[in-house]
Amino acid sequence: MKAKGVLLPAAGLVLIGALVFYWMRFSPFSKSGIYSSDVLNAAFAEQPVGYINRADSLGVTTRGLQHISIQLYPNTADTALAAVLKDLAPDKDLLLTVVAEQKAALRMVRDGDFDDALRSLCSLLPDKKRIYLRWDPDMEVPVQRHSWQYQSPADYIKAFRHVAETCRNAKPGLKIMWSPAGYPGTEEYWPGDDVVDAVGISVNGQSELEANAFPADPDQRTALRRKLIRTRFMNKPVWVFASGSDSLMNALRVDLREAVKGIKQDSGFLFQHFAMNEPAGRAANTIPLLGVYDPRQALTASKNVQVEHLFVDLGNIQTGGFARDFEAVVRRGHEVIVSVEPWRDGKVRKDSSVLENTSLGVYDEEFKSLFNTISKTNLAVYVRFAHEMEIPIHRYAWQSQDPALYIRAFRHFMDLGKGIKNVKKVWGPAGDRGSMEWYPGGDVVDLVSIAIYGLPDKNITDPTKQESFETIFNRKAWRVRPTSKPIFITEFGVKGPEDFQSEWLEKAAAVLTDHKEVIGVCYFNLADNPEVWGDIPAPDWGISPSTFNHFVEALDSDR
């Protein structure tokens, strides 16, 4: 009993101490100066490599810019902030990188927990100086080095916008910098023109060096080119930052100038006007067009089928196979999705150069023949060229290629069908991370297609481990939202027992009903190509007519 009497007060003291520590460390109402040593932050110590302004003919300049990187807490003291700002260079603009490293920082920022600290910081900034405030950089890199990485793009955007609005109100002349690394998927985190004054991209940052989601670029010049292309949707001046020796910085400046020179040659189609708007969708109380890819014709006789999907390569066009297949679909009274795969050339021209060959007109005879066949019907024909180009693999000859080369080829191909009224021009990424890097421009795209298959990974063969239609759709639709185009899901499927397929499709119907921007869906009623899957059985997405009809009934009942 006596021992308990000693332990209880001790436990109480420990609890009180913990509460005091939490108050001093994290409470936005505690303005202690004990964290002065925590204010300077060494995680982002980059210096400017160059400055590119699209309005200035894409010229590259070097500008003096003093850089201070700080760690901000809700209770960071004014004295601590003043200490790190006291030695500002009088002859240089200021880059102020502000990071909020705490757990749940995005939620805390959005909820206003940092507002007092942000206002205090802004009040200490000088008036007669151009100041860029850069908040939580490298957000899109898929690593967990910082608390704001590997987070929902929507959550990051809400927090960023809150910071921008709070700081602009406190310091109207402040310039807000949005600063991704320029990694694939950059545009997913774009917070909007109205809250960004400049874009900053980084080279060889620690986050990017840790990332392995995509193959490394072969050299720095290529890396810079790709990073800049990924920011082409943001019509803002771009700063490039890096850290390293003087020799490395000088080499990067040379590479940056050369990268910009190459981009400038393609600027006519790379740098168009992009504005995110609500896409046109289907009419109220209607369901999407229903299509099938169904070579065995197990579903094509269904009265619910409105569209059929054909995959066509150069050899199919040359032998007349495409014309026969197309005419058969039209005789059934169905509209047609035509996915054009520019390879398997019967004239022995290199498949490894298919995009270059397309842009140079090597296949013009075949493509003109294709469009001539299409023009013979009044039914709508959805023409999709070189699909899934963004996946960093080599399943197709047009994958893992330079985006500008792909865009040039896409635009040349679509130009050959110009004036054919029943053609609907379809750009068809898989909807994977980084899709928008290959976007060819709104003037040559009527619809965007994405692919939705439940199987998330080659190594997962258990059908119950498949993602839901809704999860995949939300992720992919977000990625292509900068196009502001309606969506046609030209490929989708689910494997597994029939009752599982039926349930998965029923839930998919509810999602499709809610998203009027989806004007059509096309079921892939076949197994995938076994050659692609190696030792693992290829997934079979085939469904029975009764399961397909159940899906249609679910769509009808949900509208």
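## Ground rules

Residues are numbered from 1 along each chain as its sequence is written, and side-chain values use heavy atoms, with hydrogens and water left out. Since the model is predicted, local features need pLDDT of at least 70 and side-chain atom pairs count only at pLDDT 80 or more, while totals for chains, interfaces and linings use all residues.

## Confidence

Let's begin with pLDDT, the predictor's confidence in each residue, from 0 to 100. The protein chain averages 90, and 92% of the residues score at least 70.

Two stretches call for care. Residues 1–8 stay under 50 and have one contact beyond four places in sequence; contact means heavy atoms within 4.5 Å. Residues 20–37 also stay under 50, with 32 contacts beyond four places in sequence. Where pLDDT is low, the predicted coordinates should not be read in detail.

Helices (H or I, at least four residues) and strands (E, at least two) are DSSP runs, numbered from the N terminus. Two strands pair if DSSP finds at least two bridges between them.

Leu133 has Ile176 in E6 as its bridge partner.

## The barrel

Eight strands close into a barrel in the order E9-E10-E11-E12-E13-E14-E15-E16, with parallel pairing. Here the twist averages 30° from one strand to the next. E9 (residues 289–293) and E10 (residues 307–313) pair over two bridges, and Val292 stands opposite Glu308 in E10.

Helix H15 (residues 403–416) lies across E11 (335–341), E12 (381–385) and E13 (423–427), running at about 150° to E12.

## A helix pair

H17 (residues 498–514) and H19 (residues 545–558) pack at about 30°, their axes 8 Å apart. They are therefore roughly parallel, a label for angles under 35 degrees. Among the residues that meet are Leu505 and Ala509 in H17, and Phe551 and Leu555 in H19.

Key: Axes are lines fitted to C-alpha atoms, for helices over the stretch in contact, and angles run from 0 to 180 degrees between N-to-C directions. Angles under 35 degrees count as roughly parallel, over 145 as roughly antiparallel, 65 to 115 as roughly perpendicular and the rest as oblique.
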